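Visitor: I would like to go through this structure with you, one region at a time. Where shall we begin?
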Amino acid sequence: MATGTETTTRARLRWGLLDVFVVVFALVPVLWIASLSFKTPATLTDGNFIPREWTLDNYKTIFDTDQFVRALVNSIGIALIATLVAVVLGAMAAYAISRLDFPGKRLLVGVSLLIAMFPQVSLVSPLFEIERQLGLFDTWPGLILPYITFALPLAIYTLSAFFKQIPWDLEKAAKMDGATQGQAFRRVIAPLAAPGLFTTAILVFIFCWNDFLFAITLTSTERARTVPVALSFFTGESQFEDPTGAICAAAVVITIPIILFVLFFQRRIVSGLTSGAVKG
Amino acid sequence: MADIVLDKVNKKFPDGTVAVQDVDLEIADGEFVILVGPSGCGKSTTLNMIAGLEDISSGELRIGGQRVNDKAPRDRDIAMVFQSYALYPNMTVRENMAFPLRLAKLDKETINQKVDEAAKVLELTPLLDRKPANLSGGQRQRVAMGRAIVRQPKAFLMDEPLSNLDAKLRVQMRTVVSRLQKQLGTTTVYVTHDQTEAMTLGDRVVIMRGGAVQQVGPPQELYDHPRNLFVAGFIGSPSMNFLHAAVQDGGLRTALGDVPLGDRVRRELEAADAPRELILGIRPEHFEDAELVDEESRRRGLEFEAPVEIVESMGSDKYVYFTVEGEKASAAELEELAADAGAADFSGAGSNLVTRLSAESPVAEGQSRRVWFNLEKIHLFDPANGRNLTLHEGRAAGALAD
Amino acid sequence: MSINATPAGAEVSAGAERPGGRHATVPTQRSGRRKAPLSENKKAERKLGWLLCAPAALVMLAVTAYPIIYSVWLSLQRFDLRFPDQREFIGLENYVTVLTNEFWWTAFGVTMLITVVTVAVELVLGMGLAIIMHRTLIGRGLVRTSALIPYGIVTVVAAFSWRYAWTPGTGYLANLFSDGAPLTERASSLAIIMLAEIWKTTPFMALLLMAGLALVPEDLLKAASTDGATAWQRFTKVMLPVMKPAILVALLFRTLDAFRVFDNIFVLTAGGNETSSVSMLAYNNLIRGLNLGIGSTMSVLIFITVAIIAFVFVKLFGTAAPGSDDGERR
């Protein structure tokens with residue numbers, strides 16, 4: 001095989017072109033919506049990819065409206081609480097699954113797999129009715145509960161993959177050194193599992209942050225409405241102006257945290273997603 | 001410090017496999033005992049049961065006279081060194097070694113003092129503030145040992161502690177382990193699959209196969225007086241040669257010529273149910289270049305001639321490989337040993353003979369050479385059950401014994 | 001000082017075995033032995049296992065099991081929140097209504113079309129993307145990071161981006177294909193919905209496939225190329241067979257996910273021009289129409305369809321099904 005410099009240069013060029021294609025494919029829609037959010041109402045409809053006139057008015061508008069700020073608070077609060085609970089419960093279950101021997105383990109793994117594949121829309125109607133009766137409809141807990149449920153399989157799979165990578169001998173060693181099961185977990189396993197917990201937390205947060213179906217069916221007012229839903233209801237309200245600019249600005253605002261996560265934790269997100277889903 | 005007693009200990013897994021079968025073993029206070037055998041022979045399971053990391057299915061385990069079957073590892077007061085070392089990666093060397101003491105709720109001063117002491121013994125003092133990731137394999141191994149000795153437990157359990165080291169370091173650490181054990185005088189159970197470690201380290205060696213104990217005794221005794229074919233083949237490197245032998249007219253017909261039999265063995269073979277085919281075993285060092293044998297020895301042995309295949313000169317002596325014609329010795333034990341060595345389905349035609357000859361022997365590859373072997377040192381095994389027929393009251397007596 | 005061990009050796013194990021029977025652990029012959037009682041340790045381990053799993057199991061069951069049963073119950077009733085007085089048990093009548101309804105079958109067809117087309121395209125693109133992410137010589141970090149962005153972006157945001165891109169006047173894409181408003185025609189609307197879906201989920205597919213790629217031993221590829229295999233042969237004969245489990249997992253997850261398509265349609269067309277998916281239709285009946293009976297019936301039907309899809313996949317998986325390797329003994 002010829003491996004001269006010419007071939008490698010050509011290979012680099014080919015890979016480079018492919019890379020550029022991927023990056024463009026991935027980023028164009030994001031940049032487009034960012035571009036729209038900076039356009040003035042006059043140039044909004046010019047169809048130009050790069051704004052001719054730049055403005056921050058759209059951002060001012062959304063942060064002035066109670067509607068968006070409330071939704072943002074709801075989104076952050078609900079996603080954080082659901083993430084915290086799902087990761088804690090998921091870590092407990094994943095530890096038991098990967099480390100302990102007890103009857104019913106396989107059943108739990110099977111059930112959580114089923115839930116991961118479950119058509120969420122099938123739950124929408126009974127949950128709608130049940131939550132109405134229990135007074136959970138249009139409240140934070142009303143959204144947090146289904147989020148935890150659907151995030152748990154993800155959390156359990158990812159975390160048990162992480163737990164399995166921790167050498168089993170370490171826990172045995174801790175036991176031989178005089179630790180109880182609990183001490184072995186707290187002092188040896190948990191510190192080692194921290195990166196896994198963190199990765200899982202990011203994935204679960206993205207899931208909760210993203211959800212639209214539950215948010216739109218289980219809320220009706222600003223009390224618990226999250227940003228994705230608020231966006232779809234941004235129809236200008238009493239304002240006469242076109243809401244496009246505002247929607248785009250809001251979209252950019254809720255996209256920023258995700259982009260930051262992806263930038264900083266790319267490697268962890270990849271390992272979390274793949275370990276959870278493939279090695280399961 | 002304490003003695004450890006295993007009384008008819010069994011381990012049966014939920015899927016029905018029996019990993020350990022009726023193991024009886026009494027380990028005296030301060031003794032260094034090696035559990036050895038091919039992989040899967042139940043040695044590690046036995047160790048884990050002593051540690052409390054595996055449940056005992058039936059039988060009794062006593063440490064210091066006290067039944068501990070149902071005690072958690074932390075209540076047994078024994079320390080363990082793992083093959084993987086199992087150092088806590090998030091803790092420094094000092095924290096690793098202090099961990100068992102902190103769990104025992106000792107005060108800070110005592111902990112520091114004990115850790116420093118142990119670190120000095122193992123020459124770890126300059127490494128105390130490093131993390132395991134920044135240590136070499138040998139250093140990690142020493143930290144693992146340090147963590148075990150620091151709390152002065154009743155007993156040490158070691159699960160192949162040296163097998164992750166390279167060959168040279170392993171030899172070095174072997175003496176460290178040996179010296180440390182003598183110094184501390186702590187009862188030690190050491191698991192290994194390496195027969196060299198087993199021979200060099202322990203006061204006594206326990207050879208296991210298929211979950212059952214095959215023979216227990218001091219290393220030299222196992223080497224000289226193996227109770228059965230498996231022990232004979234497992235102990236020794238290069239291992240014992242095994243040849244097919246047919247019983248004929250009060251003697252044995254083998255590829256090395258007709259071997260005469262002494263009265264005792266002959267009597268045994270005259271029994272109605274005695275085997276007609278045997279396996280003859282002979283260790284490499286019991287061969288010698290026929291030219292170099294004096295008259296006195298010559299009478300105690302037999303000579304044969306065979307083509308030389310390979311000569312490995314070790315300096316002090318020569319390993320010479322001969323090809324001999326004739327049927328191969330076959331038995332379940334031999335197949336198992338070959339499988340463990342990874343050579344189950346790979347061997348040339350005919351039998352190979354490994355001999356250790358004096359360095360002075362002018363033997364050369366390609367030629368044919370006359371070789372003498374000592375009849376007093378050969379073993380005869382029953383292929384059906386592996387029993388050593390030359391063994392009399394625990395001592396091997398060769399083929400000629402009366 | 002030492003007392004010798006009992007010789008269990010020659011008699012017990014060597015004698016009991018036939019030549020050729022070499023195994024590490026001897027199956028027990030004494031079947032009559034009573035089962036050893038669980039030790040304290042083992043009991044404590046079980047208890048801890050249950051204790052640790054209980055909260056997760058309870059939450060998952062509470063939010064799914066009861067509602068599913070309730071959903072089946074609701075689907076057997078005439079129950080419209082606008083006319084609560086007319087609530088009554090009507091057996092399978094709702095199912096007859098839905099299954100004879102033209103809108104249901106249109107939505108079903110749309111959903112199937114979207115599922116099949118997007119998953120097929122995603123598999124091809126995802127494989128390409130996975131190979132690029134796995135093997136590219138330059139800018140691997142950059143490619144991986146940017147490929148992850150669509151996965152992380154809120155679907156609704158992405159959907160808005162596509163909507164504005166295809167809206168005449170506002171959009172850069174609509175002007176390129178200047179024959180009116182694509183989002184007002186059925187065929188072009190569906191195409192755009194699928195494009196949005198593919199853009200959003202190809203990276204996920206690619207990540208799962210990349211995990212499969214990482215399992216292909218480098219030496220195997222080298223061996224294949226020294227054996228004279230072309231790049232294409234290496235891909236089909238060496239990589240694909242090794243990756244099969246990963247591919248099946250990726251397909252299963254994506255198929256079930258694609259079948260639930262909702263967000264994109266909601267934002268892009270709101271189900272207009274007969275572009276509703278089954279999820280969209282169920283939502284409309286439930287939240288817009290407040291018809292719990294019909295909505296629940298649709299939910300149950302979707303559930304059954306998904307179960308069938310999952311069943312078919314799991315049959316294809318065989319032993320490669322996720323979780324099947326979970327029972328290994330430590």
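Guide: We may begin with strand β1 of chain B, which pairs with strand β4 (residues 58-63) of chain B in the antiparallel sense over five bridges. Please keep in mind that this is a predicted model.

Visitor: Which residue is the bridge partner of Asn10(B) in β4(B)?
Guide: Asn10(B) has Ser58(B) as its bridge partner there.

Visitor: And how many bridges does β1(B) make with β2?
Guide: Six bridges join β1(B) to strand β2 (residues 17-27) of chain B, and this pairing is antiparallel as well. Within it, Ile4(B) stands opposite Ile27(B).

Visitor: What about the hairpin of β1(B) and β2(B), how many residues lie between the strands?
Guide: Four residues lie between them, and Gly16(B) in this hairpin takes a positive phi near 100°.

Visitor: Let us step back along the chain. Where is Ala2(B) placed?
Guide: Ala2(B) belongs to the segment before β1 (4-12) of chain B.

Visitor: Is Ala2(B) buried or exposed?
Guide: Ala2(B) is buried, because 21 other C-beta atoms lie within 10 Å and the cut-off for a buried residue is 20 or more.

Visitor: Which residues does Ala2(B) touch, leaving out those up to four places away in sequence?
Guide: Its contacts are Asp29(B), Ile63(B), Gly64(B), Lys154(B), Ala155(B) and Thr187(B).

Visitor: How many bridges link β11(B) with β12?
Guide: Four bridges join β11(B) to strand β12 (residues 251-254) of chain B, again antiparallel. Thr254(B) is the bridge partner of Ala245(B). These two strands form a hairpin with two residues between them, and Asp249(B) in the turn has a positive phi of about 50°.

Visitor: Now chain B overall. How many helices and strands are there?
Guide: Chain B has 11 helices and 22 strands. Its C-alpha trace spans about 75 × 45 × 40 Å along the principal axes. Of its 402 residues, 46% are buried. Among contacts in chain B with a separation of 6 or more, 70% are between residues 24 or more positions apart.

Visitor: Changing topic, what is the domain assignment of chain A?
Guide: Chain A is assigned domain 1 (1-55) and domain 2 (59-279). The centres of the two domains, taken over C-alpha atoms, are separated by 31 Å. Eight residues of domain 1 are in contact with nine residues of domain 2. On the domain 1 side, six of these residues are nonpolar, one is polar and one is charged.

Visitor: Finally, which residues touch the most other members of the largest nonpolar core?
Guide: Ala93(A), Ala151(A) and Ala250(A) do, in a core of 284 residues. Not counting residues up to four places away in sequence, Ala93(A) touches Leu108(A), Ile156(A), Leu52(C), Cys53(C) and Ala56(C).

Definitions and conventions:
Residues numbered from 1 in each chain as written. Chains lettered and ligands numbered in written order. Predicted model: local features only at pLDDT ≥ 70, side-chain atom pairs only at ≥ 80, totals over all residues. Domains from an automatic or database assignment. Contact = placed C-beta atoms within 7 Å. Nonpolar A, V, L, I, M, F, W, Y, C, P; charged D, E, K, R; others polar. Core = buried A, V, L, I, M, F, W, Y, C linked by C-beta atoms within 7 Å. Buried ≥ 20, exposed ≤ 12 C-beta atoms within 10 Å, placed from the backbone. Pairing = 2+ DSSP bridges.
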